[in-house]
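Subject: Structure for you to look over

Dear colleague,

I am handing over the structure that we talked about, with the sequence alongside. Please open it first and then read on, as the notes below follow what can be seen in it.

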Amino acid sequence: MQVRYDRSTGKSTTPDEDDDLLQCRVAIVGLDIDAIKRNYRDVFDTLRQRCVSCGVRVPCAVDLKGDPNTLVWEAYCPNSGALNALIAFTEVIH
């Protein structure tokens with residue numbers, strides 16, 4: 001699955017842009033961000049806070065624009081462990 005998310009620049013100027021990188025990454029890994037918000041609000045808040053305060057937002061945005069399906073993000077993303085755990089969890093319950 002290839003997802004283009006041209007708004008992601010790694011430099012946020014509005015609250016909506018703060019969520020762009022996280023929303024894009026969540027979609028690419030096959031998770032439903034609305035379900036996470038609804039069912040696991042504390043988890044979502046933690047994911048969002050880590051993303052907003054992340055020091056590698058520019059490389060993340062570049063990866064999302066260039067090849068969003070590469071797994072290199074797992075090496076630098078502070079949310080990679082949590083996102084992979086959510087993926088595993090959703091696979092178990094479905």
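A nonpolar surface patch of about 450 Å² is formed by Tyr-40, Val-43, Phe-89, Val-92 and Ile-93; patches are built from residues with over 30% relative accessible area and no salt bridge, like charges being joined within 9 Å and nonpolar side chains (Val, Leu, Ile, Met, Phe, Trp, Tyr) within 5 Å. Accessible areas come from the Shrake-Rupley method with a 1.4 Å probe, and for residues only the protein chains shown count as cover.

Please bear in mind that this is a predicted model, in which local features need pLDDT of at least 70 and side-chain atom pairs count only at pLDDT 80 or more, while totals for chains, interfaces and linings use all residues. Residues are numbered from 1 along each chain as its sequence is written, and side-chain values use heavy atoms, with hydrogens and water left out.

Helix α6 (residues 80–93) contributes the most to the nonpolar patch, with three residues; helices (H or I, at least four residues) and strands (E, at least two) are DSSP runs numbered from the N terminus. The 14 residues of α6 reach 20 Å from the first C-alpha to the last, close to the 20 Å expected at 1.5 Å a residue, where the expected span is 1.5 Å times one less than the number of residues. Its buried residues are Ser-80, Leu-83, Leu-86 and Ile-87 (buried means under 20% relative accessible area, exposed over 50%, and partly exposed in between, with a 1.4 Å probe and protein chains only). Seen down the axis of α6, these buried residues fall within an arc of 130 degrees, so they line one face of the helix; the arc is that of the directions from the helix axis to the C-beta atoms.

The structure holds one aromatic pair, where rings of Phe, Tyr and Trp (its six-membered ring) pair if their centres lie within 6.5 Å, and planes under 30 degrees apart count as stacked, over 60 as edge-to-face and the rest as tilted. The ring centres of Tyr-40 and Phe-89 are 6.0 Å apart and their planes stand at 85 degrees, so the pair is edge-to-face. Because Tyr-40 lies in the loop between α2 (33–39) and α3 (41–52) and Phe-89 in helix α6, the pair ties together parts that are 49 residues apart in sequence.

One salt bridge was found in a search of the whole structure, a salt bridge being a side-chain nitrogen of Lys or Arg within 4 Å of a carboxyl oxygen of Asp or Glu. It joins the side chains of Arg-41 and Asp-45 (3.2 Å, N to O), both in helix α3 and four residues apart, about one turn of the helix.

With best wishes
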